[in-house]
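Here is a short note for a colleague opening this entry for the first time. Please read it alongside the structure.

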Amino acid sequence: MIKTDANLNLLNSHITALIKKDIYLNRIIEKCPTCESKHYIKYGSFKGIQRYKCKECGKTFSNVSNSLWSYSKKESTKWIKFTEYVLERKSLRFCAEKLEISLVTAFYWRHKVLQGLNYESVPSNLRGDVHIAKKLIPENFKGSRNITVTVRHNIWVVAAKSGENSIIVKPISRCHWHLPSFNKKIYYLIDEKAYIVPYGDRYISLVAKAHNKRRTKEVLNDKIIWSFQIILEKWLKKFHGVASKYLEKYLSLFILFLTKKEINYMEIFKKLSLENRFIKTYDIVISNINPIGVAL
Ligand SMILES: [Zn+2]
């Protein structure tokens, strides 16, 4: 009797293997993920993925090591769909239900995806007219255990934008304006010859005054920076509050939302898969949070 694969399980697992192979075929491994030695040899392949053996520490690794895949046995199609859901700001419950994964898995996955996007979203520099605005966001301790604070301070979130697609949005300080932090997180990106256009904040105006020297110039308002406070507020509302410690990650998603009109999920997913910077599940756990309590 011929067995039928009514649920397309075979096809799905085949697609997963193909996508993995395609993504990792040309990946160049620079060093052993365990001891960082550059002395390693090819060590056969498994399901089409090249394996290596380190000559220093003897550990084996593959083209998939230290990436999205190395900690997940789930199908790649689920990861792609999940990345799409994160970019569409679907709730974790929605993701878990649709993809038949647990809520805890969905929580970790979202952090991995956001962590990857974090590095994708920073522009190489800001030139020409650079529009800068701020928004104060009340601190949010969602998901944190043993919170004893009674006063909630504001987090200073600053946005700087030049041209169509160069924008950075970062939390820079808590409670007060902090110039060194602004310099470290945003100002270093601003070209020396750029012209800073401040929007209604005296600290940012001071930065502009110092940077622009005596130049003055008529500049049209930037639509996004002009309504930055409202846009960000509305955008964050969809998450029903974001824990402050994750704010930066969510803001990188916000940047994608602001800049990319058409999002190519497959491209983003490929980039995320190849990045070496994914946090391991373990790193999330030790930051002492309750997985279920955060940002559902
Ligand atoms: Zn090694």
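**Notes on the model**

1. Cys54 is buried, because its relative accessibility is 3% (buried means under 20% relative accessible area, exposed over 50%, partly exposed in between, with a 1.4 Å probe and protein chains only). Cys57 has a relative accessible area of 34% and is partly exposed.

2. A word on the source. This is a predicted model, where local features need pLDDT of at least 70, side-chain atom pairs count only at pLDDT 80 or more, and totals for chains, interfaces and linings use all residues. Residues are numbered from 1 along each chain as its sequence is written, and side-chain values use heavy atoms, with hydrogens and water left out.

3. Now the zinc ion. Its protein donors are the SG atoms of Cys32, Cys35, Cys54 and Cys57, 2.3 to 2.4 Å away (donors are N, O and S atoms within 2.8 Å of the metal, or 3.2 Å for Na, K and Ca; water is not among the atoms, so sites may look incomplete). The donor residues follow the spacing C-x2-C-x18-C-x2-C.

4. The geometry is tetrahedral, because the four donor atoms subtend angles of 106 to 115° around the zinc ion (four donors count as tetrahedral if all angles lie between 85 and 135 degrees).

5. Finally, the whole chain. The protein chain has 11 helices and seven strands (DSSP runs, numbered from the N terminus: helices are H or I, at least four residues; strands are E, at least two). Of its 296 residues, 44% count as buried.

Methods:
Four donors count as tetrahedral if all angles lie between 85 and 135 degrees; four count as square planar and six as octahedral if opposite donors are over 155 degrees apart and all others between 65 and 115; anything else is irregular.
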